[in-house]
Amino acid sequence: MIEETPKKHYMAWMTLAMLDFVTIIRFEDVFYPYQNQGLSVIFSWIFLLICYQLPYTLIATQLGLAYKDTEEGGLASWIRRGTGSDVLGYATSWMYWAQTVPYLVDVSNSIIVSISWMILGNNTLGKHMSPFMFGLLTFVIILIFILCESAYKNSLDLLSLIGGIAMFAMSVIFVILIIWALMHGGHVATKMEWSSFKPNFSVHYFSTTGLLIFAMSGAELAAPYVTRLKNPRKEFPKSMWMLFAMTVFMTLTETLGLAVLFDAKHIPHDFKMNGAFYAFQLLGEEAGMGKSLMYMYAIVCLLNFMADLAALIDAASRVFASDTSEKYMPSWLRKKNKDGLPINSYVLTCSITLFLLLLSGTLPEINDIFNWLLNLNGIVSPYKTSVVFLAFLAFRYRHKTFAQDDFVFIRNNKGALAVGWWCFLFTFVCATMGFLPQDVTFESPQWTKQLWMNIITVIVLFGTGFLLPWLRKLELKHQAKAND
């Protein structure tokens with residue numbers, strides 16, 4: 001009897017676009033730069049979308065297709081195969097994992113904030129919960145998702161699709177209601193004049209640009225799923241173009257909508273944490289819907305954050321399956337359970353998470369904790385993103401000609417290298433500028449404290465990776481002695 005080969009389950013290219021979208025830019029990601037730069041952030045968005053996000057998306061597309069046979073390695077495999085260096089491949093895999101941890105904490109924080117708005121209906125979370133309890137609940141949420149990772153892994157496609165569509169729908173609703181309010185005599189809070197759009201190129205301006213890069217970063221997250229497409233060469237570029245189009249729509253239209261609702265020169269101090277809820281509350285009241293629109297957003301927000309957290313944990317687990325892990329990571333860290341999950345890597349994730357929460361717990365208020373952890377992503381995430389461009393540079397230095405059916409970002413090699421170097425240097429500089437604290441008075445005691453917190457945290461996150469090869473060497477020496 002001839003056994004039939006099981007039919008392979010393919011992912012739709014639109015699902016892949018939504019999967020990437022839900023892990024890249026969230027509705028409230030546009031609120032953060034608006035508080036930092038005001039209406040001049042429109043200039044920043046347009047500049048970055050054209051000169052940075054577009055080449056970044058196409059670069060990730062070319063690399064994803066060029067290395068589509070290394071599904072599990074992702075970015076680490078791109079670096080390893082592009083440079084021929086196992087050490088750089090390992091360093092990339094560690095950096096990729098390390099930069100995920102602050103984002104996991106940030107998303108978990110946002111889950112608590114969403115639930116608080118669903119229960120309380122206002123911004124009084126700080127009056128009902130201490131910073132210690134806020135940190136404890138954040139840790140519990142991460143722990144629950146890690147323990148349930150095997151359960152939701154099989155439904156990740158559906159969870160991400162639902163979360164992505166729901167959040168994009170809320171963005172569309174937001175824009176529609178802004179237009180409706182203006183057509184019915186709504187007041188524009190921000191003066192739409194040149195001085196409002198003109199950027200102020202100060203140290204503060206450049207130190208906050210890392211958050212815009214953080215909001216746009218993650219196109220390479222789709223790469224490990226390339227082989228799950230039925231026709232990768234045709235469908236993967238489609239998904240990346242869809243991703244770029246949604247990013248353009250959300251950033252520009254949403255920022256203009258914020259200018260209608262909130263005076264760019266008088267933004268609430270807790271805008272990063274509660275701004276999105278304020279926006280839907282104002283729009284609901286303007287449309288005669290009371291708080292119902294705000295509650296709807298809180299529910300959608302919660303679903304989106306859950307999908308985001310699930311996708312991040314799944315993507316991070318793949319890093320420990322990279323093709324450099326066996327050589328540089330101790331075997332106990334790569335140990336997998338019966339479901340193939342690297343359980344000890346999750347223990348390490350919890351440990352680093354606990355360190356971040358204990359450190360952030362020294363700040364006086366929940367809003368300070370939320371802002372600091374959020375701004376930390378504006379440092380570590382761009383550093384990781386800069387590695388994408390290094391992988392592209394290494395690839396283009398080694399491959400100067402391509403077949404006609406290959407997807408190629410700029411066939412002229414010198415032009416491609418120039419764009420690659422521009423993206424790398426810009427990303428690296430913005431990440432380094434991000435060390436300067438953003439939400440406290442310059443050179444105040446809190447500013448100095450947060451500066452040191454940023455430095456210490458980055459050293460711990462990235463520096464811990466240097467200990468693992470040393471531990472691996474000790475492990476190999478012990479095994480060699482045991483075999484003698």
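**Close-up 1. Ile410 in the loop between α19 and α20 (413-433).** In this predicted model, Ile410 sits in the loop that links these two helices. Its phi is positive, about 65°, although Ile410 is not a glycine. Most residues other than glycine have a negative phi. Ile410 is partly exposed, with a relative accessible area of 31%.

**Close-up 2. Helix α19, residues 366-398.** This helix has 33 residues. At 1.5 Å a residue, α19 should span 48 Å. Its end C-alpha atoms lie 49 Å apart, which agrees. α19 is mostly covered: 29 of the 33 residues are buried, meaning that each has under 20% relative accessible area.

**Close-up 3. Helix α21, residues 445-483, and its bend at Leu461.** α21 contains 39 residues. From first C-alpha to last, α21 reaches 57 Å. That is close to the 57 Å expected at 1.5 Å a residue. The helix bends by about 30° at Leu461.

**Close-up 4. A nonpolar patch on the surface.** Ile115, Met118, Ile119, Ile162, Ile299, Leu303 and Met306 make up the patch. Together they have about 580 Å² of accessible area. Helices α5 (86-120) and α15 (292-319) each supply at least two of the patch residues. An α-helix has 3.6 residues a turn, so residues three or four places apart point the same way.

**Close-up 5. Ile115 of the nonpolar patch.** Ile115 belongs to helix α5. Its relative accessible area is 34%, so Ile115 is partly exposed. Patch residues need over 30% relative accessible area, and Ile115, at 34%, is one of them.

Notes. Residues numbered from 1 in each chain as written. Predicted model: local features only at pLDDT ≥ 70, side-chain atom pairs only at ≥ 80, totals over all residues. Heavy atoms only, no water. Helix = DSSP H or I, 4+ residues; strand = E, 2+ residues; numbered from the N terminus. Expected span 1.5 Å × (residues − 1). Buried < 20%, exposed > 50% of the residue type's maximum accessible area, 1.4 Å probe, protein only. Patch = residues over 30% accessible without salt bridge, like charges linked within 9 Å, V, L, I, M, F, W, Y side chains within 5 Å. Areas by Shrake-Rupley, 256 points an atom, 1.4 Å probe, with all protein chains shown as cover. Salt bridge = Lys/Arg side-chain N within 4 Å of Asp/Glu carboxyl O. Bend = angle between axes of the 7 residues up to and from the residue.
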